[in-house]
Amino acid sequence: MPTPPSPLFFPLADATPSVGLSEPNPRVACVITSPSGEVIARGHTQQAGGPHAEIMALRAATAAGRSVRGATAYVTLEPCAHHGRTPPCCDALIEAGLARVVVALGDPNPRVAGQGLARMRAAGIQVEVLPADHPAAIEARELNIGFLSRMVRGLPWVRLKVAGSLDGRTALPNGVSQWITSPEARADGHAWRKRAGAMLTGIGTVLEDNPRLDVRLVPTERQPVRVIVDARLQTPANARILQPPGTVWVYTAADPATSAARRTELQAAGATVIDCPGAHGKVDLAAMLRDLAAREINELHVEAGHKLNGSFLREGLVDELLLYLAPKLLGDGAGLAALGPFEDLHQAPGFEFLDVQRIGPDLRLRARPPGRDAF
């Protein structure tokens, strides 16, 4: 009987250093153990074009003077089997002489999709894949849900973040919104920003709040792409969101012929203008998401106003809600999202709670539409 895989060798702490680093590649860890079960080496995926987790672990073993022949490798995701930015990891494990490889999650990338497992088995390596309900498999899936979404659905995983009061207000009637939630909640929100390949807001927020929309409150190796939904190309060329470092994409429905000057101005400010016209002079949000996936965005973090939030929700484009509630009541003011009015409760978008956690004095709620992550 094969030795049962232990959750010990799938600590997500080994893969989490890849968050904010490895995009658009998945977040992967590799732990190598000796035949007696001693941990020999660990590694995680580096920046795109850099070494994958398996290579980092093999290098760590070599640097420590440890042989991996006959060893076992525990890997978060199926080792790749194709020449992309780097050579195939499955070949590196075969050449190193490992006896066994345990994988938490298969890779749905069409260029891998079981080929890595098959190649290692053909080379005589004992290969095991954890059952889907194994705790490590569940954790690996959550850590890489954006990558899986892009590979399987052709869409990024859309996470809509909102901060508000107990009565669902995100701003006072005069527009004041800074700060409803606590510094702890804001820092936690930046940690979720760090996860994203891109962060999105609307032109209303750009004009009213002039945000940078970057990651500042937690350390990060890279800044996510900043995305603006700007149907009429109203983004000022001196807007803070256009300032470096980082990349800015502006999705618009403006006529190219009549908006040439504005396009030139924004491009001179460093933005890329992308045409994505929809109905009624608005940006086609669904088409925009498909385009973002084609540009290798795994997770899209949305921080917008109530109007754009409402559009994402009405069109069923939100995969996850990230909601911070402060223990205060604001009365009149802007709501979480411009929805309705509904005539029947069944018309209201429904969600299932994932978790509720205290963040400083505030509450953080995470919720998803039922079955949305079943892909």
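How many nonpolar, polar and charged residues does the lining of the largest cavity have? View 1 gives the count.

This is a predicted model, in which local features need pLDDT of at least 70 and side-chain atom pairs count only at pLDDT 80 or more, while totals for chains, interfaces and linings use all residues. Residues are numbered from 1 along each chain as its sequence is written, and side-chain values use heavy atoms, without hydrogens or water.

**View 1. The largest cavity and its lining.** By class, the lining has three nonpolar, four polar and two charged residues. (Ala, Val, Leu, Ile, Met, Phe, Trp, Tyr, Cys and Pro count as nonpolar; Asp, Glu, Lys and Arg as charged; the others, Gly among them, as polar.) The volume is about 40 Å³. Lining residues include Asn25, Arg27, Phe147 and Glu299. (A cavity is a set of points on a 1 Å grid over the protein atoms alone where a 1.4 Å probe fits but cannot get out; lining residues have an atom within 4 Å of a point. Points are joined across faces, edges and corners, and the volume is the space filled by probe spheres set on them.)

**View 2. Glu299 in strand S12 (residues 299–302).** (Strands are DSSP runs of E, at least two residues; helices are runs of H or I, at least four; both are numbered from the N terminus.) Glu299 has 2% relative accessibility, so it counts as buried. (Buried means under 20% relative accessible area, exposed over 50%, partly exposed in between, with a 1.4 Å probe and protein chains only.) Not counting residues up to four places away in sequence, Glu299 touches residues including Arg27, Trp157, Arg159 and Arg195. (Contact means heavy atoms within 4.5 Å.)

**View 3. Helix H3 (residues 115–122).** Gly116, Leu117 and Met120 are buried. Seen down the axis of H3, they fall within an arc of 100°, so they line one face of the helix. (The arc is that of the directions from the helix axis to the C-beta atoms.) They pack against helix H2 (89–96), strand S4 (100–105) and strand S5 (126–129). Gly124, with a positive phi near 95°, follows H3.

View 4. Most residues other than glycine have a negative phi. Asn210 has a positive phi near 50°; Leu213 has one of about 55°. At 29% relative accessibility, Asn210 counts as partly exposed. Leu213, at 3%, counts as buried.

Conventions: 1 Å grid on protein atoms, 1.4 Å probe; cavity = no way out; pocket = protein on both sides within 12 Å on 5 of 7 lines; lining within 4 Å.
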